[in-house]
Amino acid sequence: MKNTKNRFLALVLATAVFAQLNSQQGLPFKMEELTSPKFPKAVSLSGGVCVLPLGIIEKHGPHLPIGTDLFEAREISFTAAKQEYAVVFPPYFVGQIFEAKHQPGTIAYSTELMWKMLEETCGELSRNGLKKIILVNGHGGNTSFLQYFCQAQLASQHDYVVVLFRPESDPATEKEIKSLKKATLDSHAGEEETSMMYYLYPALVDQEALKNESGLDQDRLSKLPFGYTGIWWYAKFPNHFASDINTPNKRLGELLVNSDAGQLAQLIAFLKKDNTIQQLQEEFIKKTQNPIQK
Ligand SMILES: [Zn+2]
């Protein structure tokens with residue numbers, strides 16, 4: 001009798017687990033692929049977590065597509081959402097890229113528009129129940145903008161939270177990554193980015209153009225003491241390419257993509273369960289409304 005009961009319980013449990021897996025697999029994580037009637041189910045399954053991958057449309061050396069950052073940020077987000085369900089926002093490429101306006105194919109929106117676009121996108125996600133928004137930045141030129149956007153969340157009351165994903169080097173893959181890397185200067189459109197694109201979309205890497213331009217630091221403002229200026233990047237890398245080696249390595253690309261995706265999945269899982277940011281934000285805003293009250 002006991003055995004039969006146990007078997008029955010095991011069967012119920014297995015059915016529930018299977019149903020959960022099935023519903024997760026049957027529900028797209030790409031927001032644009034969800035039907036409107038299934039949208040609330042996705043919000044519930046995601047715990048209100050939405051991943052917003054931010055790319056840009058800009059030159060990536062002579063050899064990579066101008067949408068490189070968009071491809072990379074989205075693929076990392078897809079890989080993470082497969083591990084830990086979250087809704088992934090459709091292609092988004094409004095960001096800070098004034099420094100590449102001299103290069104063909106750059107789409108550089110105004111400061112006002114990029115701010116408004118992100119603010120209203122977050123507001124619209126929240127209105128639809130996605131109240132925990134993770135910004136996954138694929139573009140170096142967005143870094144200061146996105147950090148400031150996060151800081152500005154404290155200026156007024158919000159019924160949602162915004163978290164900027166910050167990947168770190170992964171001790172599990174660090175050694176192998178180091179052993180594969182050959183470049184001594186590796187930044188924009190360099191060895192790492194070229195390898196990631198080669199792993200994700202090999203046909204989009206223009207192998208014939210790899211060596212067409214120099215990505216070396218031209219260091220034309222080295223005499224400027226103790227100062228920051230917006231032209232610093234152009235002074236160093238006018239070709240909008242910063243690397244001494246850009247030869248692709250598929251394994252390196254795979255390791256980099258999967259390392260970031262694994263960390264992003266951890267962040268999604270954490271935010272699903274934890275409401276500390278929301279609670280602290282509410283407590284803080286309440287105090288800002290009357291700071292002299294004890
Ligand atoms: Zn890039």
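**Helix packing and the nonpolar core of a predicted model**

T79 is found in helix α3, where helices (H or I, at least four residues) and strands (E, at least two) are DSSP runs, numbered from the N terminus. I begin with this residue and then widen the view.

Please note that this is a predicted model, in which local features need pLDDT of at least 70, side-chain atom pairs count only at pLDDT 80 or more, and totals for chains, interfaces and linings use all residues. Residues are numbered from 1 along each chain as its sequence is written.

Is T79 buried, exposed or partly exposed? A residue is buried if 20 or more other C-beta atoms lie within 10 Å of its own, exposed if 12 or fewer, and partly exposed in between, with C-beta atoms placed from the backbone. T79 counts as partly exposed because it has 17 C-beta neighbours inside 10 Å. T79 and N258 are 179 residues apart in sequence, yet their C-alpha atoms are 7.5 Å apart in space. Leaving aside residues up to four places away in sequence, T79 touches V257, N258 and A261; two residues are in contact if their C-beta atoms, placed from the backbone, lie within 7 Å.

Let me turn to the protein as a whole. Its secondary structure comes to 10 helices and four strands, and along the sequence these follow the pattern α-α-β-α-β-α-β-α-β-α-α-α-α-α. The C-alpha trace spans about 80 × 55 × 35 Å along its principal axes. Of the 294 residues, 33% are buried. Among contacts between residues at least 6 apart in sequence, 80% join residues at least 24 apart.

Next, the core. A nonpolar core is a set of buried Ala, Val, Leu, Ile, Met, Phe, Trp, Tyr and Cys residues joined through C-beta atoms within 7 Å. The largest one here has 57 residues, and those with the most contacts inside it are C50, V51, L52, A86, I133, I134 and V136. Elements giving two or more residues to this core include β1 (49-54), α3 (68-83) and β3 (132-137). The most comes from α9, with nine residues. As for I133, its contacts, not counting residues up to four places away in sequence, are C50, L52, C122, L125, Y160, V161 and V162.

Now to helix packing. Two packed helices are described by the angle between their axes and the distance between the axes. Axes are lines fitted to C-alpha atoms, for helices over the stretch in contact, and angles run from 0 to 180 degrees between N-to-C directions.

How do α7 and α9 cross? The axes of α7 (residues 191-200) and α9 (residues 250-273) come within 7 Å and cross at roughly 90°. That makes α7 roughly perpendicular to α9, a term covering angles of 65 to 115 degrees. Their contact involves E192, S195, M196, Y198, Y199 and L200 of α7, together with K250, L252, G253, E254, L256 and V257 of α9.

The helices α3 and α7 pack at an angle of about 65°, with their axes 10 Å apart. They are therefore roughly perpendicular to each other. Here T68, F71, E72 and E75 in α3 meet E193, M196, M197 and L200 in α7.

Finally, two loop residues. Phi of D219 is near 50°, a positive value in a residue other than glycine; D219 counts as exposed, with 10 C-beta neighbours inside 10 Å. H240 lies in the loop between α8 and α9, and its phi, near 55°, is also positive. H240 is buried, with 22 other C-beta atoms within 10 Å.

How values were computed: Parallel < 35°, antiparallel > 145°, perpendicular 65-115°, else oblique.
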